[in-house]
Protein chains: 2
Amino acid sequence: MSTDTASLGLARVAERGEGVGLDELALATRNHGMPLEALRYDVTPPGLHYVLTHFDIPAVDPATWRLEIGGAVDRRLALTLDELMSRPAVTTRVLLECAGNGRARYEPRPVSQPWLLEAVGTAEWTGTPLAPLLAEAGISPDAVDVAFTGADHGIERGVEQDYARGLPLAEARRPEALLVWAMNGAALLPQHGAPLRLVVPGWYGMAQVKWLTRIDVLTEPFTGYQNATAYRLKVDADDPGEPVTRIRPRALLAPPGFPDFMTRERFVHAGQVPLTGRAWSGRAPVTRVEVSTDGGESWGDAVLAPADPAHPFAWRAWSYHWTARPGRSELLTRATDGSGETQPVEQQWNRQGMANNLVQRVPVTVLP
Amino acid sequence: MSTDTASLGLARVAERGEGVGLDELALATRNHGMPLEALRYDVTPPGLHYVLTHFDIPAVDPATWRLEIGGAVDRRLALTLDELMSRPAVTTRVLLECAGNGRARYEPRPVSQPWLLEAVGTAEWTGTPLAPLLAEAGISPDAVDVAFTGADHGIERGVEQDYARGLPLAEARRPEALLVWAMNGAALLPQHGAPLRLVVPGWYGMAQVKWLTRIDVLTEPFTGYQNATAYRLKVDADDPGEPVTRIRPRALLAPPGFPDFMTRERFVHAGQVPLTGRAWSGRAPVTRVEVSTDGGESWGDAVLAPADPAHPFAWRAWSYHWTARPGRSELLTRATDGSGETQPVEQQWNRQGMANNLVQRVPVTVLP
């Protein structure tokens, strides 16, 4: 990486055809994705949900830990975990996805965490709504952003930092924004942010700050590294870029049949092959999922599972009946949401490989 | 991969300097390692323990699932999960490590699951001893091996198979060999082999068959793919190779200080830096851990935590006091076990990148 690129806070872009480096691999082996056969579960079991940690998983002692709420508020607060857990609790089922999902299939490839398509998961999160706590602290009438700081510490492209993200005040005040201490009915696991994390349904993972230590109300937009530099849709180094916010629509197929160990290519037997998967959008409800079994030449509508009003922020199941004939096939699937946004069939490249929702392609060999 | 290589059941070997391919990355993003800061936990939390799945995580319905015991026995058995769980239960703390751990740092690199050093974990496994069940079935006096078959199905180097491994009868009869239904006090997670798996302390992960469906007593050595072809120490394609069996000694350092996001390089502040880690061997108890803070020029003895007779198959904690001076440093650590085996400082290459226990090297920048 050139010093110029580093000083601009930008990932290097790999040469065309350049293999994944040991630096990307070191991220891939410690952060983990959801194997796509786990799309079968309504709620992703512990350890199968994706995890992306910028620095280390910190060792936080819940006995001495405090959450401080400060900045442009009337009353600074410092709360223990017991105090937070004694507040009204809500459990919601929420789909989370990393903003870098799909980056490793970009051509050319931005050099960072090299996700293929597995940086997703849906969990039941239990916590207390953030808005009443902010109200108790007394928000300044000039407030615009709320900054969330975690205990995870490191250096990113030359900037030493505690991981921190700003969120527009209106988002922080949504009733669905929760301070979370439990996942799938059990205490939050270390890698998911124990003892306390933020969950803001609809937003990509970078907003879901883990290992929370501070919440600061701001009267100016937050200009920390992760908002101003890292999570932006840039086309080149000079482009300040639009911020990455809510999750774009995506459908994924649970891989049918069985795999080859090394290539991960799929094999099915000819005949009726039920195809199933999940679809989501953080912007509007999913309204349509389409499937192509001929490499994108033609598309058919999948059957969407009934919308579940109890879980508006979860993924939605879909199914499709495929009559598979012997030979090679390529399966594609794409989602459309209520805002009219549909997944692109051709990549829409950006400099950091973010918010990419290119359609999934699954090559399949149909055996006689 | 050439057809010849495929027909010999061998991984391709990467060219020198060749980056990791999308096939290796697809394995790295779905199998997951233990981030090394998790060496801090005596028992690895759910989701941080390493996982290596050859094919897919199968969907097994515990209600209809049965374990069949057959082959060279007097009485074939078919047991439900309830029947197994009503038998005497034992909980043991066991370190597991993948035989391919460290493969991605080999030069040249065998093309397979590209582990760096994170394919480890220690869990509390609860199950019932295998030996009394085999005795109830009545083992043929001619028996030599016991074959364990899982529900995971796929193709590996041209061979369609259910994952299956043979184990010498004497190992299967060890009192520590368990049929396991719980991990860390909770029901076995899908990716760890639900509803039932084998745990044989001391052996590399390939022997710890998950999603068990069949156990067959054999009067001839098992010749299935995973024993005869996959898990062998070969120097070239013509070498039948020695079988991979028990875990070689290894020590790992919990990374000190804080990381750079992309390079994962470590930064500490000058002064007293406590170094901690774990060490293990599946062959004999760990007797010594050494640390070098000057790239291997000199070594000092780490302090081993007292041996815990309650957990003979767990890893052992160690610590070392480092007075760090500003500049660049390289930390190394190596374990020796009671058989006298010590980790090598230079790689001992084999054709499939297995049972490699080359010492860990951790570059550190010491800040003023």
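The views below show a predicted model, in which local features need pLDDT of at least 70 and side-chain atom pairs count only at pLDDT 80 or more, while totals for chains, interfaces and linings use all residues. Residues are numbered from 1 along each chain as its sequence is written, and chains are lettered from A and ligands numbered from 1 in the order in which they are written.

**View 1. The relation between chain A and chain B.** The same surface serves both copies, since 100% of the contact residues of chain A recur in chain B, two residues being in contact if their C-beta atoms, placed from the backbone, lie within 7 Å.

**View 2. The contact between chain A and chain B.** Chain A gives 46 residues to the contact, and chain B gives 46 residues. On the side of chain A that touches chain B, the elements giving two or more residues are α2 (22-30), β5 (145-156) and β14 (258-259) of chain A; here helices (H or I, at least four residues) and strands (E, at least two) are DSSP runs, numbered from the N terminus. The largest share of this side, six residues, comes from α2(A). By residue class, the side of chain A that touches chain B divides into 24 nonpolar, 12 polar and 10 charged residues, where Ala, Val, Leu, Ile, Met, Phe, Trp, Tyr, Cys and Pro count as nonpolar, Asp, Glu, Lys and Arg as charged, and the others, Gly among them, as polar.

**View 3. The two domains of chain A.** Chain A is divided into domain 1 (3-237) and domain 2 (250-367), with bounds that come from an automatic or database domain assignment. The C-alpha centres of these domains of chain A lie 27 Å apart, and 29 residues of domain 1 are in contact with 22 residues of domain 2. On the side of domain 1 of chain A that touches domain 2, the largest share, four residues, comes from strand β3 (residues 90-97) of chain A. The residues of that side of domain 1 comprise 16 nonpolar, six polar and seven charged.

**View 4. An open sheet in chain B.** Five strands of chain B form an open sheet with mixed pairing, in the order β2-β1-β10-β5-β6; two strands pair if DSSP finds at least two bridges between them. Because β2 (77-79) and β6 (159-168) of chain B stand at the edges, each with a single partner strand, one side of each is left without a neighbour in the sheet. Within this sheet, strand β1 (residues 67-71) of chain B runs parallel to strand β10 (residues 212-218) of chain B and is joined to it by four bridges, and B:E68 stands opposite B:R214 in β10(B).

**View 5. Antiparallel pairs around β21 of chain B.** Strand β17 (residues 286-292) of chain B and strand β21 (residues 327-337) of chain B run antiparallel and are joined by six bridges, with B:R288 opposite B:T336 in β21(B). Seven bridges join β21(B) to strand β22 (residues 360-367) of chain B, again in an antiparallel arrangement, and here B:R328 stands opposite B:T365 in β22(B).
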